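Good morning, and thank you for coming. Please look at the sequence and the structure on the screen while I speak.

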Amino acid sequence: MSKMMTGAEMVVQALQDQGVTTLFGYPGGAVLPIYDALFHQKKVHHILVRHEQGAAHAAEGYARSSGKVGCLLVTSGPGATNAITGLTDALMDSIPLVCITGQVPTHLIGSDAFQEADTVGLTRHCTKHNYLVRKIEDLSRILHEAFYIARSGRPGPVVVDIPKDVQFATGLYTPPKNVHHKTYQPQLKGEIAKIKQAVAMMAKAKKPIFYTGGGVINAGPAASTLLRELVALTGFPITSTLMGLGAYPGSGKNWLGMLGMHGSYEANNAMHDCDLMVCIGARFDDRITGRLDAFAPHSQKIHIDIDASSINKNVAVDLPIVGDCAHVLEDMVRLWRAEAHPVDKKALQAWWAQIDQWRARKSFGYKKSDTTIKPQYAVERLYELTKKRNTYITTEVGQHQMWAAQHYRFEEPNRWMTSGGLGTMGYGLPAAIGTQLAHPDALVIDIAGEASILMCIQELSTAVQFHCPVKIFILNNEYMGMVRQWQELLHGGRYSSSYSEALPDFVKLAEAYGMKGIRCSDPSQLDEAILEMIDSPQAVIFDCVVDKAENCLPMIPSGKAHNEMILPDADEDIGSVIDDKGKMLV
Amino acid sequence: MNAQTPPAKLSPYSSSNGQVSRIETHTLSVLVDNEPGVLARVVGLFSGRGYNIESLTVAEVAHAQQLSRITIVTTGTPETIEQISHQLERIVPVHRVTDLTLLGATVERELAMIKVRGKAESRTEALRLAEAFRARVIDATTESFIFELTGAPKKIDDFVELMRPIGLVEVSRTGVAAITRGPVGM
Ligand SMILES: Cc1cc2nc3c(=O)[nH]c(=O)nc-3n(C[C@H](O)[C@H](O)[C@H](O)COP(=O)(O)OP(=O)(O)OC[C@H]3O[C@@H](n4cnc5c(N)ncnc54)[C@H](O)[C@@H]3O)c2cc1C
Ligand SMILES: Cc1ncc(C[n+]2csc(CCOP(=O)(O)OP(=O)(O)O)c2C)c(N)n1
Ligand SMILES: [Mg+2]
């Protein structure tokens, strides 16, 4: 209902009308009126984080695990600048967020007022869109528009910057209508003629592969169901990026594992040798393509993406289809069924025989040990002991993240929250809190590194305050392992500043925050310790002391092609693999 | 706004012996909501993604609907220019992006004011050339002229080059405005 109210009340009303029940935030002078409006109601539950970066990542975890828009509220100046890493992270990984920032009153804008920052200027490059609300008359429209833009098309973060005088001003609130935005109307349906053509190409393929990504997750659970149907109908092999894990089940028989820099040998070789690549909601990131001129050199490529700018950006494709994965997959499945395409059975059999040979290399293998916990073993055990439960996994960034991607198997979409595009250390703990708040009864585990976890460690306090029993499973190798590995690879093993000096005692740290701490360094006691963690009703830090020198393999060294992977059983000295040109790359 | 053309952008991931596409110059017309910050979004896109701007003009074209038209002349490989168009389309207040160069038949015009200093024969020479180019004199002193010239950018370039040895002082150009030929609009 349209109603007169203050700007601050409008913010809260709009959140309620948009179905927001959880708001992550941190107060300050420029948002006090909004905090006051929150005080008078119960529908929007405010989660006080301990740092605004935490608010943004928590909102990301909430959004990614629930399919809803994540929401945060921060003050002007330092509140807004602290949120920027999280906003950039959400932009890179296409996560829908609405971030409300306070701003100094309009008449002070531009005067270097106390806690003034040019928030729209600063966030222009790290948001899908942003607004400075100059007058109360625009506020309710902008708030509803912000939600529409955040969740539609390719999702992303939207900032609404609200000066304090606008929060105090009174105006007419208008509830959300079915917004028909005058410029922003993403195309959902793919062109039927092109989908037909795609189906015909697929029917003729001899060495096809589905290469899927985060777009399938973005498109909602229906897209994953349709993807599974299409894989079953065609019998084609399927791989996915880091961001798309769970869209197709990790236990599925056509699953090749993740592809890319730390992907499986079979996935990468199949990408290299395929004659038809069907890319669904992935963006040909450089972690995937490796050396561009050697990327799937004999293939035709179909690319389904809702964002036309993702198509032909890094890799030229033969058949672009702009549309939402769920819509396009629905048409594809329907057309495939209707036309009962005879696939080239013999060719597909030969293709699978080849793939099985690659699989037999067991590229995620590692040397087992009775004395030290191998990090891969730790993830394997964690998987085995949690797979039957309602589990959600988040990660920090580094080797542990890749081991989690390789060894944990995801059966459903929205179960895997990780920072892929920006690779933000510190993401995992707040994301776990956000995930836990979206799924209060679930088991939420942050697979962490001892270095990353310290980047947003203050959020332990948030977890305790809001009774989030998140489990922080640290693969503690006492190194910024991923950095150490690259130094071994590229810089002659000179481990410049990558040793995790002066680490806290994580068990005591947990206890200091009022949580439970567990340490394990003996492989024979690992299962028992993991079960103790799982069974604890509290938040837990699990300090899993692992092999310090383990490298994350397999790996496509930078500047190399898919079929030039370093395998775990390679005899080569990994320090000699990358040439000077490769060293330039990241 | 004039930017220097940097060497063709080569991703470090592409091989150095890979085929390099031809660098082309295209004129893009971008219809936008005339709201605060929209120009910053467009310009920021070019700087943030390392695209070139040869010329950029902007002005409101439909006051009632608050629409502005931005005309951008840019250079790049055909693939880069396709990317630029798509990236521009992602900007929320952008209504439409048209690559006028791809459409073929377009008219491009630019206005320039050119200050020339000189005495005696150089003055007559300047005036003679101005007449040939249909440049108007809009200011004159005993030792200088300011010419106003409208035309395609090439024509202005040519005129400026001719004025240089005579005593060119400075040039102010509006940048390119462009429109398609024929009865149909953007
Ligand atoms: C240390 C580290 C190592 C990494 N190593 C690897 C690796 O080995 N392998 C790997 O895969 N990744 C790796 N990554 C992640 C990598 O950097 C990228 O984030 C990831 O590959 C991108 O995944 P994506 O292509 O699925 O794209 P996303 O970033 O998920 O983008 C999704 C794409 O789908 C489109 N889209 C969005 N919504 C829809 C919709 N509804 N319908 C249709 N299309 C849609 C978008 O426009 C976009 O093009 C690593 C990251 C880190 C930090
Ligand atoms: C905010 C941030 N700073 C720096 C980096 C670069 N970086 C990537 S991985 C990594 C080391 C991570 O160490 P740890 O958390 O212990 O994980 P491990 O690799 O040892 O599993 C660093 C410093 C980053 N990704 N993010
Ligand atoms: Mg570590």
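Over all chains, the structure holds 18 aromatic pairs. Rings of Phe, Tyr and Trp (its six-membered ring) pair if their centres lie within 6.5 Å; planes under 30 degrees apart count as stacked, over 60 as edge-to-face and the rest as tilted.

Before I go further, please note that this is a predicted model, in which local features need pLDDT of at least 70, side-chain atom pairs count only at pLDDT 80 or more, and totals for chains, interfaces and linings use all residues. Residues are numbered from 1 along each chain as its sequence is written, chains are lettered from A and ligands numbered from 1 in the order in which they are written, and side-chain values use heavy atoms, with hydrogens and water left out.

Let us take one aromatic pair. A:Phe24 and A:Tyr62 are edge-to-face, at 6.1 Å centre to centre and with 70° between the planes. A:Phe24 belongs to strand 2 (residues 22-25) of chain A and A:Tyr62 to helix 3 (residues 52-66) of chain A, so the pair ties together parts that are 38 residues apart in sequence. Helices (H or I, at least four residues) and strands (E, at least two) are DSSP runs, numbered from the N terminus. Buried means under 20% relative accessible area, exposed over 50%, and partly exposed in between (1.4 Å probe, protein chains only).

A further pair is formed by A:Tyr383 and A:Tyr408, again edge-to-face, with 5.0 Å centre to centre and 75° between the planes. This pair links distant parts of the chain, 25 residues apart: A:Tyr383 is in helix 15 (residues 375-386) of chain A, and A:Tyr408 is in the loop between helix 16 and strand 16 (416-417) of chain A. A:Tyr383 counts as buried at 11% relative accessibility, and A:Tyr408 counts as buried at 5%. Together with A:Phe410 and A:Trp416, A:Tyr383 and A:Tyr408 form one aromatic cluster.

Rings can also have a charge over them, which requires NZ of Lys or CZ of Arg within 6 Å of the ring centre and within 35 degrees of the ring normal. In chain A, A:Arg361 lies over the face of A:Tyr265, at 5.3 Å from the ring centre. In chain B, B:Arg123 lies over the face of B:Phe145, at 4.4 Å from the ring centre.

I turn now to the ligands. Which residues come nearest to ligand 1? Of the 37 residues around ligand 1, the nearest are A:Thr241, A:Arg283, A:Asp305, A:Ser310 and A:Asp324. A residue is near a molecule if one of its heavy atoms lies within 4 Å of it. The shell around ligand 1 divides into 14 nonpolar, 16 polar and seven charged residues. Here Ala, Val, Leu, Ile, Met, Phe, Trp, Tyr, Cys and Pro count as nonpolar, Asp, Glu, Lys and Arg as charged, and the others, Gly among them, as polar.

Ligand 1 also has polar contacts, meaning pairs of N or O atoms within 3.5 Å. One of its oxygen atoms is 2.9 Å from a polar backbone atom of A:Leu242, and a nitrogen atom of ligand 1 is 3.2 Å from a polar backbone atom of A:Ile306. Taken alone, ligand 1 exposes 990 Å², and the protein buries 96% of that. Such accessible areas come from the Shrake-Rupley method with a 1.4 Å probe. Helix 9 of chain A provides the largest share of the shell around ligand 1, with three residues.

Ligand 2 is surrounded by 17 residues, the closest being A:Gln399, A:Gly423, A:Ser452, A:Tyr479 and A:Gly481. An oxygen atom of ligand 2 is 3.1 Å from an N or O atom in the side chain of A:Glu450, and an oxygen atom of ligand 2 is 3.2 Å from a polar backbone atom of A:Ala451. On its own, ligand 2 has 590 Å² of accessible area, of which the protein covers 77%. The shell around ligand 2 contains eight nonpolar residues, eight polar and one charged. Helix 19 of chain A gives the most to this shell, with three residues.

Finally, chain B. Its secondary structure comes to five helices and nine strands, and buried residues make up 42% of its 186 residues.

Note on methods
A polar contact is a pair of N or O atoms within 3.5 Å; within protein, one must be able to donate a hydrogen and the other to accept it, and residues adjacent in sequence count only if both atoms are side-chain atoms.
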